[in-house]
Amino acid sequence: MMDTEMDMSVGSSIPVDNVLMGDPNNHASPPTNSKFKHEDADDDSENAHDMLRILRSEDNDRDSPNSSMTSASLISGLPESKSSGANQASRKKTSLPNAESPLQRSKMVAKFRAKSSIPTKLPPTEYGRQCVAAAYASRLNPYALHEDEHHLLQERLCHLHVTVYLNIRNGILRLWARNPNVSVNLEEAIGCAKDERWTQLACFAYEWLVRGGYINFGCVEVPLSVKSTRGRRNESGGQTIVVIGGGMAGLGCARQLTSVFNHFPDHTPPRVVVLEGRGRIGGRIYSHPLTSKVSEDLALHQRPTAEMGAHIIVGFEHGNPLDTIVRGQLALDCHSLRDLSTLYDTDGSAVDEHQDTMVERLYNDVLDRSGQYRYKRQKPRTAMGEKEMIDSGRDATEDDGLTISQYEEATASGTIDLLLPAKSRRRGVGHKAAKQDKPSEQVDTDMDTQTQLPAATAAKEIGFHLKSTTRLDESLDLDRLAASPNASLGDLLDEGVTQYTRFLELRPKAMRLLNWHFANLEYANAANVKRLSLSGWDQDSGNEFEGEHAQIIGGYQQVPRALWRFPDKLDVRTNQPVSQIRYDPGDPGGRATVTCEDGTVIEADKVVITVPLGVLKQQSIQFHPPLPQWKQAAISRLGFGLLNKIVLVFDQPFWDVDRDMFGLLREPRCGSGFAQDDYRAGRGQFYLFWNCIETSGLPVLIALMAGDSAHEAETKSDHDLVSSCLAQLRKVFGESSVPTPSETIVTRWASDRFARGTYSFVAAEAEPQDYDTLARSLGNLYFAGEATCGSHPATVHGAYLSGLRAASDILESIIGPISLPNRLVVETKSSNGNSVDLSAVVTPVTAPKRKGDPVIPAGTFTRPVKEPTSSLQQDWDAAMWDYIYGAIGFAPPQPSKSGTNPFLLYQKEHWNACKERCDSKKRTPAGKVNAKAGRDEVRMELGRMWKLLSDEEKAPYVERTRTHKDANDDAIMAWKAACVEWDKRTWEVKDEWIKQGNAFEEWVSKRNGGGVDCGTLQGGKRYRAAL
Ligand SMILES: Cc1cc2nc3c(=O)[nH]c(=O)nc-3n(C[C@H](O)[C@H](O)[C@H](O)COP(=O)(O)OP(=O)(O)OC[C@H]3O[C@@H](n4cnc5c(N)ncnc54)[C@H](O)[C@@H]3O)c2cc1C
């Protein structure tokens, strides 16, 4: 039973469409409007179970692991585009009834309450702890701004308010982490601010988190934000986005694009179409159904499958987005993996634990020594909040008028002491610069420390007997080899092992053991270590998640399936291999055309390509224009490796079923077994077996073929491979104990035309930024997929994160960057204590650059917003706004601010003179006529000059800043009043316009020459009802 084609016979299933098209109320759509839903911590388990039942009972979308030869014969189970309709229906269902209710209307002038999301009964330290944990769980440093946050906030936020901001941001993440079955809404986010002054900060934090996919991602329903009382101009016009590839990156991106626009109801959500070449979704996640046996161990709704591709979730803790999806939203059953139990030698005997440990330590020693040749990436420095305050859930509320960048500038120039009163300096309030943008203060595991000991001493400490001629201070000399161009990790490791044999005797058994670890490294990197970059092979180190590794019971594929269908079905079209992409490299707003092999052509505004790097290398998709040289070079430099598996299904287990894996040492393929070269070709063959009883419910073993053996498997027959695998097992467990398997499957990922390998690796010739280069978009062509995620490459979660990133980039290209209000911290007191009327504090619409540009109100989330409308409604809106702008012009522009920092005024005034002096000082000693002083030198000098000024000399500057501050305040007040007036006028003008016979129905009727399109009008009626 070696033929994978046999496995294509389909088992019983609930037809997908019956499940999907049944009662729409049945699917998991959690309550959305309950203010305290996150606090209640109801985990909506009924919905989760419904979801599960559906996910696990589907099995009519099967193909072989090497689907290219079989996919055509498979039923896709995915109807063409019914889903977009379902999508719309569900969207309306969630928003319209509310929108028409008096309650909804009363919410139009939204009252949001500070503190409402902070449980009063929770001690602040416990609240702080939960917030910190939630930030870590989102891959964010709870104590420091993300690089992007820093960039956006540095000119607007007082450096002392970083703590407040982080508290709010972490608080929003806490809400999400506590119940990711329900999306966090703006109202709840604002409730994370402890005071109404911070409302705008909360709005910013919320928008930033939403855009970046830190909250409200995955299989969660994001209801439309509150409906507006009137239309808004809509320039995005419902774009079409084609996502190529239905793996984790493609589905993650498509899912995010369909939900994230619900936060921005002023923009029509795009139509998202996923084109998948295979007859199934999931890509390199594929849980192949096992058909030879029925499982009695699995729950009724689970099915026996074996993982052909991704198998393991490498830790849920510390930021894995799969934690949210797999455990938080889908509540899938997982099996936590236990450590490797036994290594068996070639004669079948178990390897002595002591020897095993000694050799493993030697292997680690050599690997650590290679670490000193690693390329170290400089992490950007970002502003930090006060750790103690954040830990104890408290805000630092002082304001010294210095923004983050002013503070940094003054610190860099050594003039900070002059700017801040001694009191606040002494207290040490304020931000420091974060060393790195990592989700914690943990430091990279620094391998260099291990290399302090001379190699001979290290070996002795490990327990090896040194040769009698060896001195303890003898060490390895790897520098010369490391300096040679494109030296690989494998070159260095081999050399390290060889040099170690100068000091100690490494017999074949030790060599077999050593090479077992090499094989394991080759599994992790999907390549022979000789192909790995010495400086960058583990460039993602430090980003690892924590917690036990796990497998999903019933199959990993439940995850991509869930992304496809919850909360509503994505428009995924299978059996649509794409052959050509026309894109506009110069214009993110340009047009694109995607052509499939069957001749189908789809016009698109944007294209996201998520095909594996192996497919890009193969150049089976034509790009017009061709990809630029820099992109092509990165594609060819980065490695795309291979791992293959043999699945063996037995009637009865003959191995220790309480262990999840066991290992086999391999004979050398050539030589006497004393040299590294002897092992290279064969060390990866069946070096590890997974016991899959827990996840498949059947006695299943999966044997891995890593390194060169993975490539060998592509050309050998199933019969040869399975026979030699069984021969190895029989050596260990005895001839009679290992029967002929009832079912076998061999993967050949390199032959799979939709993969051409398994996952990416940093090849010897790769450059440090290659992953980022692969991720860079080209006009309206975006890139996602595991090979575009430098922080988590070669993984399922990395693929998913890359999809979120692409969605975020597309969102920004459609609606523009986050637009910050002039003042992030508003001094306002409302009539009722701690509640604030946002319509009063929000900066109104800023004047657009030109008519027709997207109008992005500052603090988009804080405006009452409307649901997506039909194109008629959009046109009606547009006509209304044309009239309004024609009558009263655009909103008053925000006034510019004059400087409020005395030193900066002084600096500006004296810069040229001071620079001249600094330049000439440089020229004199060096005798160089063109020598110039650097900016920092000039700043330092100005700082010194300022320090020497007397109070009287400083007084005029201090006085001017006071005057400026007053003038700024007056200008802002006047501007706000003008905005309020302008806003009022828009209502009046609108009423005039409507009275002129432009109520929606009248306008539609006029436009249609008297006739009314009833279908559209229905939408219009709903819309009018809420006006
Ligand atoms: C054997 C193996 C073991 C692995 N083990 C693990 C593990 O234990 N843990 C882990 O985290 N990760 C593991 N991975 C890696 C993980 O599976 C991938 O990183 C991840 O699934 C990649 O997702 P993706 O969306 O980037 O690409 P894919 O899942 O490959 O999705 C790309 C999609 O594009 C489609 N496509 C290709 N060409 C075309 C075309 N011309 N037109 C249309 N569609 C096309 C493909 O069919 C595919 O569905 C493993 C991978 C393999 C193969």
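Biologist: Why is Ser-392 called buried?

Modeller: Because its relative accessibility is 12%, and buried means under 20% relative accessible area (over 50% is exposed, in between is partly exposed; 1.4 Å probe, protein chains only). This is a predicted model, in which local features need pLDDT of at least 70 and side-chain atom pairs count only at pLDDT 80 or more, while totals for chains, interfaces and linings use all residues. Residues are numbered from 1 along each chain as its sequence is written, and side-chain values use heavy atoms, with hydrogens and water left out.

Biologist: Where does Ser-392 lie?

Modeller: You will find Ser-392 in the loop between helix 14 (387-391) and helix 15 (404-412). Helices (H or I, at least four residues) and strands (E, at least two) are DSSP runs, numbered from the N terminus. The protein has 36 helices and 25 strands.

Biologist: What can you tell me about His-335?

Modeller: His-335 is in strand 6 (residues 334-336), and it counts as buried because its relative accessibility is 9%. Its side chain makes a polar contact with that of Asp-660, at 2.7 Å. Setting aside neighbours within four places, the residues touching His-335 include His-549, Gln-551 and Glu-694.

Biologist: How many aromatic pairs turn up?

Modeller: The search finds 22.

Biologist: Why is the pair of Phe-217 and Tyr-800 called tilted?

Modeller: Their ring centres are 6.1 Å apart and their planes stand at 50°, so the pair is tilted. Rings of Phe, Tyr and Trp (its six-membered ring) pair if their centres lie within 6.5 Å; planes under 30 degrees apart are stacked, over 60 edge-to-face, and the rest tilted. This pair joins distant parts of the chain, 583 residues apart: Phe-217 sits in the loop between helix 10 (199-211) and strand 2 (240-244), and Tyr-800 in helix 29 (residues 796-815). Both Phe-217 and Tyr-800 are buried.

Biologist: Which kind of aromatic pair do Phe-650 and Phe-654 form?

Modeller: Edge-to-face, with 4.9 Å from centre to centre and 85° between the planes. Phe-650 is buried at 0% relative accessible area, and Phe-654 is buried too, at 16%. Both belong to one aromatic cluster, which also has Tyr-344, Trp-655, Phe-662, Phe-689 and Phe-733.

Biologist: What places Lys-631 over the face of a ring?

Modeller: Lys-631 is 3.6 Å from the ring centre of Phe-783. The rule asks for NZ of Lys or CZ of Arg within 6 Å of the ring centre and within 35 degrees of the ring normal. Arg-776 likewise lies over the face of Trp-630, at 4.1 Å from the ring centre.

Biologist: How do you know that Lys-897 is exposed?

Modeller: Its relative accessibility is 58%, so it counts as exposed. Lys-897 is in the loop between helix 31 (871-888) and helix 32 (902-926). Not counting residues up to four places away, it touches Asn-822 and Asn-968.

Biologist: Which residues are closest to the ligand?

Modeller: Ala-249, Glu-276, Arg-284, Ile-312 and Val-578, out of 38 residues that surround it; a residue is near if one of its heavy atoms lies within 4 Å. A polar side-chain atom of Glu-276 is 2.5 Å from a ligand oxygen atom. Polar backbone atoms of Glu-786 and Val-796 each lie 2.9 Å from an oxygen atom of the ligand.

Biologist: And what share of the protein is buried?

Modeller: Buried residues make up 59% of its 1027 residues.

Methods
Polar contact = N/O pair within 3.5 Å; in protein donor to acceptor, adjacent residues only side chain to side chain. Contact = heavy atoms within 4.5 Å.
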